[in-house]
Amino acid sequence: MTGPSIPTSSLPPGTVGRAGKWAVVNRGGTVTAVSPRCRHQLADLSRGTLDADGCLVCPWHGALYDVDSGAMVQGPRGLLWYVGKTPGYTRLVLAYGAVLKLRRRAVAVVGDRFVVKG
């Protein structure tokens, strides 16, 4: 099997990494790949984190993504270099983030690597 990959040792449970053009998420041993750009301001989601519920957290403004559906489940908290409350703007971004979902791909373990399928 070929495709973008990342060593299993570099992606322990609870972490996010990158394999080719994909952000790869290890939620307690369940590994999934998603498109790497936040729907808000195109931040690199492979530099994000996972919250306690297993949602992918954008590193710039904290938008949350459900990696199973690809939907943004909480809008960003900020704009450009400002981090803070933006209620109307956040609702707008959340609305289109629910429609413009992250693409998802399955990941297989091949030897000592996680390989993104498809």
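I take buried to mean under 20% relative accessible area, exposed over 50%, and partly exposed in between, with a 1.4 Å probe and protein chains only. The model is predicted, so I note that local features need pLDDT of at least 70 and side-chain atom pairs count only at pLDDT 80 or more, while totals for chains, interfaces and linings use all residues. Residues are numbered from 1 along each chain as its sequence is written, and side-chain values use heavy atoms, with hydrogens and water left out.

**Overall fold**

I looked up the secondary structure and found 1 helix and 12 strands; helices (H or I, at least four residues) and strands (E, at least two) are DSSP runs, numbered from the N terminus. Along the sequence the order reads β-β-β-β-β-β-β-β-β-β-α-β-β. The radius of gyration is 14 Å, close to the 13 Å that the globule rule gives for 118 residues, so the protein is as compact as a globular protein of that length. That radius is taken over C-alpha atoms, and the rule is 2.2 Å times the number of residues to the power 0.38. I also noted the box filled by the C-alpha atoms, roughly 45 × 25 × 20 Å along the principal axes.

**Burial and contacts**

Of the 118 residues, 43% are buried. I then checked contacts (heavy atoms within 4.5 Å). Among those between residues at least 6 apart in sequence, 42% join residues at least 24 apart.

**Charges**

I recorded 15 positive and 6 negative side chains, with the centres of the two sets 9 Å apart. Lys and Arg count as positive and Asp and Glu as negative, with His and the chain ends not counted; each charge is placed at NZ of Lys, CZ of Arg, CG of Asp or CD of Glu.

**Thr32**

I placed Thr32 in strand β4, residues 30-34. Thr32 counts as buried because its relative accessibility is 11%. Leaving out residues up to four places away in sequence, I list its contacts as Ala23, Val24, Val25, Arg27, Val67, Arg105 and Val107.

**Asp66**

I found Asp66 in the loop between β7 (64-65) and β8 (72-74). At 26% relative accessibility, Asp66 counts as partly exposed. Beyond residues up to four places away in sequence, Asp66 touches Ala71 and Val73. A polar atom of the Asp66 side chain lies 3.3 Å from the backbone nitrogen of Ser69. I also looked at Cys55, 11 residues from Asp66 along the chain, and the C-alpha atoms of the two are separated by 5.1 Å.

Methods. Polar contact = N/O pair within 3.5 Å; in protein donor to acceptor, adjacent residues only side chain to side chain.
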